[in-house]
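Subject: Handover of a structure

Dear colleague,

Please find below the structure that I am handing over to you. My notes on what was found in it follow directly after.

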Amino acid sequence: MGQGVVAGLGGTAILALAIAAGRLPALGDGGNLLLLLPVLGAAMLGGFIPALVTAVFAFMLAEWAGAFFAAFASGTPAMLSMAAGAAILVLLGYLTDRNAGRSRRAAGQASDELNLLIDGASEYAIYMLDPEGRVTIWNKGAERLKGWLESEAVGRYLADFYAPDAVAAGKPEADLERARREGRFQEEEMATRKDGTQFLANISLTALYDDKGKLRGFGKVIRDVTEQRAAERQLRSSAAQMRSILSTVPDAMIVIDSRGRIISFSAAAERLFGFSEREVFGANISRLMPSPDRERHDAYIQRYLATGERRIIGIGRTVTGLKRDGSTFPMQLAVGEAAVEGEPVFTGFISDLSEQMLAEQRIEDLRSNLIHVARVSAMGTMASTLAHELNQPITAVMNYVETIRDMLESPDPGDFPIIRDALSETASEAMRAGQIVRRLREFVAKGEVEKTVEDLPALIDEAAKLALIGAREKGVHVEFAVDPEATPVLVDRVQIQQVLINLMRNAVEAMSALPAGVPRELRLSTHVEEAGLVRIAVRDTGPGVAAEIVSDLFRAFNSTKTDGMGLGLSICRTIVEANGGRIWYEPGASGGSIFQFTIVRIETEDQDG
């Protein structure tokens, strides 16, 4: 605004003098339209107020000083002309000085604010250099970081702040030349303090030019990055160590956020699932699950976050994983929870159970084969015993019958007493054979049974671990409904577990033939019966048992399997009866089979009271 006023008044005075001297033609009485030009110039430079001031001044010159300019034009003495010019120059000088004073005060205020800003940057050493490289400004941050006071540093040459070997190598001059050439450069190097100690510094050196392109000096900014770089190195080292650990740990590790998105995927997880970390980063963890777990997983997380109910976190369980090629595998999953910046994250540790379950399956198959061999061996022993024991009575029967046959070919009344004696001996030997068979049956049914008091839920749990190997992979859903009052029991532990294993494996095998999509459910329940018994029921949703074989279901050598021996249920009946119970079959209300048996329950003092 001040520049507009000065320019407008000065331009008006010059035009007025020119008109008065006859240098410019008059365009009308009492004034000159050319005086509008300074008004326009003042408006362009300073706006409305300078234009208004210039217009008033022009009007005063045109009206009030018209006579003076007329006299000047007709030969008025030169002194008057000089006096008028001097007055105008004094006025212009006053206005110019006044405007310059204001500018100096504004510049001084801006300089003070800039100095305050520079000194406030205590973490940065900031100093200015003249074109020759001598310090002109040295802030508080430079005093703290470099160890030189401002009074000591101002006027010193740049090289005084470099290490001796750097000075010897000509680095100070090279840095100034590089700044002149590039305008600005930044680097990290070791900087030196006044006491000779060094620190890692981030250094920026900038060449400063005026509006005419002349070099005014340099600005240098230094920041100590020793601790920052040490922390970064430590962080990189820790990250490298963590990556090294994760790449060698045999168990897979996956980290997800509260929305189920994968944020970390270890090398072992890459090998196990067949995906790279880049492929699954940010994807939902359900991508690694088969149905129906895939559709349910997000609801599990939301329920946990809302209720805090733990179903797998901190507990661990066996689940099924989905590989990149679409195949599934059993895995042991343990999940831990942590908080990162206030947000929960979940870390899953995964062990592949495929080999373990295959080994268990091989062991179970071997065990089944051994049981089969033992049964065959037992049958062979029994057959040998029967053959040995029955050989004499049967041989005697045959001999007596043949003798009677021969004697009856030529009947002689005198032989009738002999024939009657032979028939009596035949009946006696036949009864002897029957007694042998009954004794063997009693031995099998009532023989070596070692009954002990057992916890029924624990007994069932151990049997289920063996019987249900591979059941989940076959799509079988297992449910247990164990009555806490239905324990303890008095049984031969091994024998009753054998019954449970047989019934559960029969149920799983029966349901394995069901079409895809048909529910496969196995339910084992216990219930307290009257007369001191516990009833155990094994239900399945399989095809059931044909009506024509139900009556002989527990008879030996009667089997519904094409490759079965028909001894399993017969042995189960023998075991259950030997343990004081009974076993039977019922068809399910909506299909399937229900096998039930009873065992003896022990009454405790707590149960009685």
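Gln497 is placed in helix α17, residues 493-511; helices (H or I, at least four residues) and strands (E, at least two) are DSSP runs, numbered from the N terminus. With a relative accessibility of 14%, Gln497 counts as buried, where buried means under 20% relative accessible area, exposed over 50%, and partly exposed in between (1.4 Å probe, protein chains only). Leaving aside neighbours within four places in sequence, Gln497 is in contact with Leu459, Glu462 and Ala463; a contact means heavy atoms within 4.5 Å.

Please note that this is a predicted model, in which local features need pLDDT of at least 70, side-chain atom pairs count only at pLDDT 80 or more, and totals for chains, interfaces and linings use all residues. Residues are numbered from 1 along each chain as its sequence is written, and side-chain values use heavy atoms, with hydrogens and water left out.

Helix α16

Ala463 is also one of the buried residues of α16, together with Leu456, Leu459, Ile460, Ala464 and Ala467. Seen down the axis of α16, the buried residues fall within an arc of 130°, so they line one face of the helix; the arc is that of the directions from the helix axis to the C-beta atoms. An α-helix has 3.6 residues a turn, so residues three or four places apart point the same way. The length of α16 (residues 456-467) also agrees with expectation, because its 12 residues at 1.5 Å a residue should span 16 Å and its end C-alpha atoms are 16 Å apart. The expected span is 1.5 Å times one less than the number of residues in the helix. At the N-terminal end, Asp455 caps α16, with a side-chain oxygen 3.2 Å from the backbone nitrogen of Ala458.

Helix α9

Which residues of α9 are buried? They are Pro172, Asp175, Leu176 and Ala179. They cover an arc of only 95° around the axis, which puts them on the same side of α9. The buried residues of α9 pack against β1 (124-129), α8 (164-168), β3 (184-192), β4 (198-209) and β5 (215-224). Just after α9, Gly183 takes a positive phi of about 90°.

Strand β15 and its partners

Strand β15 is largely enclosed by the rest of the structure, because six of its eight residues are buried. Eight bridges join β15 to strand β14 (residues 521-529), and the two run antiparallel; two strands pair if DSSP finds at least two bridges between them. Val528 has Val534 in β15 as its bridge partner. The hairpin of β14 and β15 has three residues between the strands, and Ala531 takes a positive phi near 65° there. Eight bridges also join β15 to strand β17 (residues 593-601), again antiparallel, and Val538 stands opposite Phe595 in β17.

Individual residues

Pro344 lies in strand β10, residues 343-352. Not counting residues up to four places away in sequence, Pro344 touches Asp257, Ser258, Leu305, Glu337, Ala338 and Ala339. The C-alpha atoms of Pro344 and Ile256 are separated by 9.1 Å, although the two are 88 residues apart along the chain.

Asn399 belongs to helix α14, residues 354-409. Is Asn399 buried or partly exposed? Asn399 is partly exposed, with a relative accessible area of 42%.

Two prolines follow cis peptide bonds. The bond from Ser291 to Pro292 is cis, with omega near 5°, and Pro292 is found in the loop between α12 (277-280) and α13 (293-307). A cis peptide bond also joins Thr487 and Pro488, with omega about 0°; Pro488 lies in the loop between β12 (477-481) and β13 (489-491).

The whole chain and its confidence

The chain contains 20 helices and 17 strands. Buried residues make up 35% of its 609 residues. The chain averages a pLDDT of 76, and 68% of the residues score at least 70; pLDDT is the predictor's confidence in each residue, from 0 to 100. Confidence is lowest in helix α4 (residues 66-73), at a mean of 44, and highest in strand β15 (residues 533-540), at 93. Over residues 67-94 the pLDDT is below 50, and this stretch has 18 contacts in the model beyond near neighbours in sequence. Where pLDDT is low, the predicted coordinates should not be read in detail.

Yours sincerely

Conventions
Polar contact = N/O pair within 3.5 Å; in protein donor to acceptor, adjacent residues only side chain to side chain.
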